[in-house]
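Colleague: I'm new to this one. Could you walk me through some of the labels you use?

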Amino acid sequence: MRRRRPLALVCVSAALLSACGIVPGVGHERHTVTVWLMRNSASKDFLRRFTEDFEGTHKDIRLDIRIQDWNGIVGKVQAALKSDSGDAPDVIEVGNTQVPQYVEGGRLTDLTLESMRDWGKDQWLPGLAEPGRDDSRQYGIPWYAANRVVIYRKDLFAKAGITSPPKTRKEWLADTEKLNSGGRQGIYLAGQDWYTLSGFVWDEGGDLAEQTDAGWKGTLDSPAALRGMDFYRRLQALGKGPVNADEEHPPQAGVFADGKVAQIIAVPGLTQSIVQVNPRLKDDIGYFPVPGLTAGHPGAVFTGGSDLVVPQNTDRPYDATAVVGALTGAKWDTDLARTMNYVPNKATLAGAVAGEEGVAAMAAGAARGRATPHTPDWPAVEADNPIKGYMTRVLGGADPATEARRASRRITELLAPNFG
């Protein structure tokens, strides 16, 4: 059974609070808080500055920040959450869509009270906040986000007579058709880029899967999801992206760097790889949010990023929560966003990155960002990934409704591992 224990109820009197060792400013002994952060999430300089500031204002806390690798992290975190050795981490950075896996078993601290009272949870980006929530309880605290935008060639747009980036899907298709001429690809969009497809499905009001009274059910065969796939098909046809591969096979940065592609859909950071291959493109690259159905709203996008969690087995719950509050608060969250070209955890903080064209485009899209279906079994879908096969078959000319039903049945099977 899960332990539903607010931090405020850890101890119930001043004497007990002192005994628990979680009252700030009591005595001068520093207590170590161990923080696991992922490699390359924050620069060494950022971590140095944060540590100096935090320890300077929390005289009873010493930070021990340990850098972890993404490869194999799920098993390592799960082992840490179960540990009773006393040397487990007190704060852990986890991928936003990983939180549901860790919530199972009741091994994360419920941070709902702090989220509502101190951290402005109503302003968080939904793509970060929703995966960190279980029912009405908040376990994952949004830290930073990243999402796809359209990376484009300003010079090729100008040659085609396009004076400003498109604001709607209709304009986007028309502009891409203009660009798809003279030996150039209007857009390079691989056939199995299912994250991009997800945004089109969400824009239409559909989803990849939905929860019902009987459990989770694949919904690629809904009318809304089929409309999203039809738009993907029409856009993908305005280039030469392979229908049977994803965006990493071959890496689309290299394809764009070749100089004959007007647009790709990717995170802005991919530009670094493009310019390394072809430095001549540096001044010709621009960014705009994935267009939506109307000019008033960018398109929905998959929001990746990280949340911070506090394990139940920490013996420093107050100190751990103080670290989470500082890292995700406006001061250091915007500092991290500027340092690492991330999107801050709140739309209200987007102004902090407005000076960076790529990050500003990313922040505009993040306001309507989403995450994958909120179930701990979703990783099984990504591992098997019937969505990719569905996309390839439709782009190859198969009947969309038939293929969508097949893929939806497989998603349902994967989300119900104990049945069937």
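Modeller: Phe200 counts as buried, since its relative accessibility is 2% and buried means under 20% relative accessible area, with exposed over 50% and partly exposed in between (1.4 Å probe, protein chains only). Keep in mind that this is a predicted model, where local features need pLDDT of at least 70, side-chain atom pairs count only at pLDDT 80 or more, and totals for chains, interfaces and linings use all residues. Residues are numbered from 1 along each chain as its sequence is written, and side-chain values use heavy atoms, without hydrogens and water.

Colleague: And what makes Trp172 buried?

Modeller: Its relative accessible area is 0%, so Trp172 is buried.

Colleague: Why is the pair of Trp172 and Phe200 called edge-to-face?

Modeller: Rings of Phe, Tyr and Trp (its six-membered ring) pair if their centres lie within 6.5 Å; planes under 30 degrees apart are stacked, over 60 edge-to-face and the rest tilted. For Trp172 and Phe200 the centres are 6.2 Å apart and the planes at 75°, so edge-to-face it is. The pair ties together helix α8 and helix α9 (residues 194-203), parts 28 residues apart in sequence.

Colleague: What makes Trp194 and Tyr195 a stacked pair?

Modeller: Their planes are 25° apart, with 4.1 Å centre to centre. Both Trp194 and Tyr195 are buried, too.

Colleague: How many aromatic pairs does this rule give?

Modeller: The count comes to 16. Ring pairs also link Phe46, Phe50, Phe54 and Trp332 into a cluster.

Terms used:
Helices (H or I, at least four residues) and strands (E, at least two) are DSSP runs, numbered from the N terminus.
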